[in-house]
Amino acid sequence: ARVWAGAAAIEVPLTPWILIDTFFLALYLASMKRRHEFLQNLGSARKSLKSYSLGLINTIVAIAAFGFVLGILVSHGEVGGHGPLYHFLRDFLGGIAFGFVMAQVALFVLPRLGDSDAAIASVTVSLAYVSYVIGDHYLGVSGVVSVVMAALAVAANGPTKLHPRQWSGLVRLWHQLEFWSNSLIFILASMAAARVLPHCRR
């Protein structure tokens, strides 16, 4: 529903490869989150994780990463020659590199903001927008991958850069933003469906 709503909002054709790549990317992010919980000795804290093992999660991570990369390569196969490899290196690896650089800039700035929770929150929110806009519109790399990489890097190094109270507040803020964004996505999806569904009648 999110992919469909996003494609309808920006008027981009919803191809099967967009759905496939989104599925594998979502699977990769979800499995990496589970893996992080196991490494932090949180696997026994949730009943839903007791049926998992670290080996199973590593396998899912590998399959998801392979499927995502393969989807990108195949979706650009119509270019011919070295097109698929070039597009993969530019979009995916370029997005990873740019997102990592943006995260390092944010991690350099965050500890120097003192006790201002508002400033810390503003920097992290700006990090997501700036990473996407510059990466996607100016550098020609994947803005989505840039944002994901920046978020992963900040999540991995943020607890050691910020005071525990500030980090806990930042996590709560992003959980709230996640709830609001999910609600907004479903509202937009319902509005788009109301316009599209009447045209689907025979």
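Predicted model: local features only at pLDDT ≥ 70, side-chain atom pairs only at ≥ 80, totals over all residues.
Figure 1. Is S146 buried or exposed? Its relative accessible area is 0%, and buried means under 20%, so S146 counts as buried. Leaving aside residues up to four places away in sequence, S146 touches G95, F98, G99, S131 and V141.

**Figure 2. Helices α5 and α6 cross each other**. Here we follow S146 to a helix pair. The axes of α5 and α6 (residues 143-161) come within 8 Å and cross at roughly 145 degrees. This crossing of α5 and α6 is right-handed. On the α5 side, the contact is made by L127, A128, S131, Y132 and D136. On the α6 side, G143, V144, S146, V147, A150 and V154 take part. How do the residues of this contact divide into nonpolar, polar and charged? Seven are nonpolar, three are polar and one is charged.

**Figure 3. Helix α5 from end to end**. Helix α5 covers residues 117-138, which makes 22 residues. At 1.5 Å a residue, α5 should span 32 Å, and its end C-alpha atoms are 30 Å apart, so the two values agree. Which residues of α5 are buried? They are I120, A121, T124, L127, S131 and G135. A helix has 3.6 residues a turn, so residues three or four places apart point the same way. Just after α5, look for G140, which takes a positive phi of about 75 degrees.

**Figure 4. The largest nonpolar core has 13 residues**. Those with the most contacts inside this core are A103, I120, L127, V154, L162, W167 and L170. Two or more residues come from each of α4 (83-109), α5, α6 and α7 (164-196). Which element gives the most to this core? That is α4, with four residues. Take V154 as an example: not counting residues up to four places away in sequence, V154 touches A103, L107, L127, P159 and W167. Another core, of six residues, lies apart from the largest one, and F24, F68, F88 and V145 are among its members.

**Figure 5. Helix α2, residues 16-39**. Now try the length check on another helix. With 24 residues at 1.5 Å a residue, α2 should span 34 Å; its end C-alpha atoms are 35 Å apart, so again the values agree. The residues D21, F24, L25, S31, E37 and F38 are buried in α2. You have already met F24, which belongs to the core of six residues.

Note on methods: Residues numbered from 1 in each chain as written. Heavy atoms only, no water. Expected span 1.5 Å × (residues − 1). Buried < 20%, exposed > 50% of the residue type's maximum accessible area, 1.4 Å probe, protein only. Axes fitted to C-alpha atoms, helices over the stretch in contact; angles between N-to-C directions. Left-handed = near helix turned anticlockwise from the far one by under 90°. Contact = heavy atoms within 4.5 Å. Nonpolar A, V, L, I, M, F, W, Y, C, P; charged D, E, K, R; others polar. Core = buried A, V, L, I, M, F, W, Y, C linked by side-chain atoms within 4.5 Å.
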